[in-house]
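Subject: Structure for you to look at

Hello,

Here is the structure I said I would pass on. Please open it first, then read the notes below it.

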Amino acid sequence: MAASVIASTTAFDFTPLLAPGLPPPAVKWNGFPKYNFVGGHNDAEQLPLEALVKAANDVLTREGRTLATYGLSSGPLGHARLREFLAQKLKRSAGIACAADEILVTSGSLQALDLVNGILLKAGDTVIIEQATYQGALTRLARLNVQTIGIPLDGEGMRMDALAASLADLKRRGVRPKYIYTIPTVQNPTGTIMSEARRLELLRLADTYGVPIFEDDCYADLIWDGQRPPALHALSKNRNVIHIGSFSKSIAPALRVGYIVADWTLLARMLAIKTDAGSGALEQMVLGEFCPAYFDDHVPRLTRGLRAKLETLMDALNEQFGTAAEFDDPKGGIFLWVKLPDQVDTLKLFQPALAAGVAINPGPEWATDKDYGKSRTRLCFAHPSHEDIRAGIATLAEVCRREFGVPERIANVEKARV
Ligand SMILES: Cc1ncc(COP(=O)(O)O)c(C=O)c1O
């Protein structure tokens, strides 16, 4: 008789073998909530599907056999045609003068964050960052045990008086921050655009204190009137700015294509720690084909649709929350940063809201100062339909009133009569 392997009923226990210092385990995905105001998802209706299908077909037919080599036939910086498109586009829209060889294509701009952090940061370092900022940047810095100094924002982005005071204070204490991280063009989550004058002041301060700038421009294409100041990278006189961007917001996040613009000396250090043997080639080829022909027509269409959804969201908040929800009309992007009354703790609102089908981003997760973030929430309006935005905000108002007593009276006329 053949030897049989005895089936074990208990699974092998990996727990004692896990490396120390791992972050908490991921939560298992159970599908999207009914009313999804979280994450940076895009508008499925606005996806340029037909053009993407044509681009994929054309490029694969023409040069599909280059997939047989790592890095296609373009080398480790990424697909040449896509980098050439980017170099032209960045010159046109952001004033950045860079060669295609000063662009590294990454797996989303999240990998760009990892690569920049990877070559610059060690535990115990200090970086300067906006007080309300991208959660993905904050969690990365926390994981690296890097100290973050949050700078308050106003309608024009990072406040330069507060930055100057912070830089002076750090200098007094003998601390030289590793970089100033900013999202100057459609800030996440506040939706502000830093003026050109303020950009010049930021560059002056950075220069005075010998601190480089890390410019994250991933929402820069999504501006309602299409007008933007030059990138910090473009305005810098001493090449002290590392610039990153993404196709996640202008086309689709699932493509996972981002990029870094920096001098070759820096890209060479990043390539040495980019251990994936190249970012996904198929999506780079498709974008390299799609973008020169369609990008400029697609983006204004997308932003018009996003603006319409934002209007729906702001109307729904005014109707359901009245004065209990405060917000500024953002200049572009996919988020609204909402301040609820002080008694609301959005970390505590999160679970009951989710139980009612509404997913929101609690403010403290998007802020260096947890008290500042406590009653704030970030709502992404790109993904839900107009109908779901209205129904989701109505549900959120009900849950918020049940849990925190506000809004005291839902301003919707029909509901008030009931
Ligand atoms: C400011 C900022 N940077 C980077 C990213 C990462 O985006 P991706 O990796 O999809 O390019 C995001 C995503 O929401 C973001 O908001």
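Which residue has a polar backbone atom 2.9 Å from an oxygen atom of the ligand? That residue is L110. Keep in mind that this is a predicted model.

The ligand site

On its own the ligand has 400 Å² of accessible area, and the protein covers 95% of that. There are 14 residues around the ligand, and those that come nearest are S109, D216, Y219, S246 and S248. By type, the shell has six nonpolar, five polar and three charged residues. Helix α3, residues 108-120, gives the most to this shell, with three residues.

The sheet

Seven strands make an open sheet with mixed pairing, in the order β2-β10-β9-β8-β7-β3-β4. At the edges are β2 (103-106) and β4 (147-151), each of which pairs on one side only. On average, neighbouring strands are turned by 20 degrees against each other, direction ignored.

Within the sheet, β9 (residues 241-246) and β10 (residues 258-261) are antiparallel and pair over four bridges.

Helix α2 (residues 80-94) lies across β2, β9 and β10 and runs at about 120 degrees to β2. Helix α3 also packs on the sheet, where it touches β2, β7 (180-182), β8 (213-216), β9 and β10. The direction of α3 makes about 160 degrees with that of β9.

Regards

How values were computed
Residues numbered from 1 in each chain as written. Predicted model: local features only at pLDDT ≥ 70, side-chain atom pairs only at ≥ 80, totals over all residues. Heavy atoms only, no water. Near = heavy atom within 4 Å. Polar contact = N/O pair within 3.5 Å; in protein donor to acceptor, adjacent residues only side chain to side chain. Areas by Shrake-Rupley, 256 points an atom, 1.4 Å probe, with all protein chains shown as cover. Helix = DSSP H or I, 4+ residues; strand = E, 2+ residues; numbered from the N terminus. Nonpolar A, V, L, I, M, F, W, Y, C, P; charged D, E, K, R; others polar. Pairing = 2+ DSSP bridges. Axes fitted to C-alpha atoms, helices over the stretch in contact; angles between N-to-C directions. Contact = heavy atoms within 4.5 Å.
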